[in-house]
Amino acid sequence: MDIARKQIGTFTSIGTNVRLGKDVKIWNFVYIGNDTKIGDKVILGSLSHIDYDVRVGSGTRIEGLAYVAPKCRIGKDAFIGPSATLTNDPYPKSARLEGVRVGDYAIIGARAVVKAGIRVGRRSVVAMGAVVTRDVPANTVVAGTPARFIMKRSEYQEKRQAWEGKNKYPTHRQ
Ligand SMILES: CC(C)(COP(=O)(O)OP(=O)(O)OC[C@H]1O[C@@H](n2cnc3c(N)ncnc32)[C@H](O)[C@@H]1OP(=O)(O)O)[C@@H](O)C(=O)NCCC(=O)NCCS
């Protein structure tokens, strides 16, 4: 593995046949399973667990304590919040594992849990603490247990801009 232009923290375990893109940042105590492919400029927070045969697209950020089960597919420029859990087995310990698919630019809130095999559409948002049991169409925001539609992504964007506009001390966007 070429470790040039990568920041890899301490106590990080990287399996075999793992591909790490350019400019990835991996914080401390991270686990990456075998055959997983991580795109360019991905950030993996401390204590995140990215299991085997996972794909993470370029520019995606996965926050601390997130769990990404084997066979999950995460698109580019997505956000996986702290302690979010993407599962792969509705009836453990079954002999069939099916990962979650998260579309490009999607956002999974803190502590959300997504059922095995679910597709979270492109540019969708899953609210913090949601339990997602059905596919989430593109450009929608869902919340609750079980997760239901609460607004469109366009409304979320407007709210985000209004929120950022009130910030006297903008933070650096990674
Ligand atoms: C989805 C989200 C963006 C909505 O925020 P908002 O625009 O302030 O939402 P509102 O307060 O206008 O909520 C609209 C409705 O959805 C409900 N709702 C909002 N967030 C919810 C959640 N996480 N779970 C359940 N219901 C929720 C509200 O109670 C409200 O319901 P009501 O109309 O019956 O009162 C926000 O709750 C969220 O989850 N953000 C992600 C935060 C996160 O995980 N950050 C990680 C980085 S630290």
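The protein chain of this predicted model contains 1 helix and 22 strands. With 174 residues, a compact globule would have a radius of gyration near 16 Å, and the chain agrees with that expectation because its own value is 16 Å. Along its principal axes, the C-alpha trace spans about 45 × 40 × 20 Å. Buried residues account for 38% of the 174 residues. Of the contacts between residues at least 6 apart in sequence, 19% join residues at least 24 apart.

**The open sheet**

Nine strands form an open sheet with mixed pairing, in the order β1-β4-β7-β10-β13-β16-β19-β21-β22. Its edge strands are β1 (7-8) and β22 (148-152), each of which pairs on one side only. Strands of a sheet pair through backbone hydrogen bonds, and the pairing may be parallel or antiparallel. Both senses can be followed at the β22 end of the order, where β21 has partners in β19 and β22.

Strand β19 (residues 125-126) runs parallel to strand β21 (residues 140-143), and 2 bridges join them. Strands β21 and β22, by contrast, pair in the antiparallel sense over 4 bridges. The table lists bridge partners from these two pairings.

| Residue | Bridge partner | Strand of the partner |
|---|---|---|
| V125 | V141 | β21 |
| V126 | V142 | β21 |
| T140 | K152 | β22 |

Strands β21 and β22 also form a hairpin with 4 residues between the strands, and in this hairpin G144 takes a positive phi near 95°.

**The helix against the sheet**

Helix α1 (residues 153-165) lies across β19, β21 and β22. The helix runs at about 60° to β22.

**The surroundings of the ligand**

Which residues of the shell are the closest to the ligand? Among the 13 residues that surround the ligand, the closest are G109, A110, A127, M128 and A143. The elements that give two or more residues to this shell are β21 and α1. By class, the shell divides into 8 nonpolar, 4 polar and 1 charged residues.

Definitions and conventions. Residues numbered from 1 in each chain as written. Predicted model: local features only at pLDDT ≥ 70, side-chain atom pairs only at ≥ 80, totals over all residues. Pairing = 2+ DSSP bridges. Contact = placed C-beta atoms within 7 Å. Axes fitted to C-alpha atoms, helices over the stretch in contact; angles between N-to-C directions. Near = placed C-beta within 6 Å. Nonpolar A, V, L, I, M, F, W, Y, C, P; charged D, E, K, R; others polar. Rg over C-alpha atoms; globule rule 2.2 N^0.38 Å. Buried ≥ 20, exposed ≤ 12 C-beta atoms within 10 Å, placed from the backbone.
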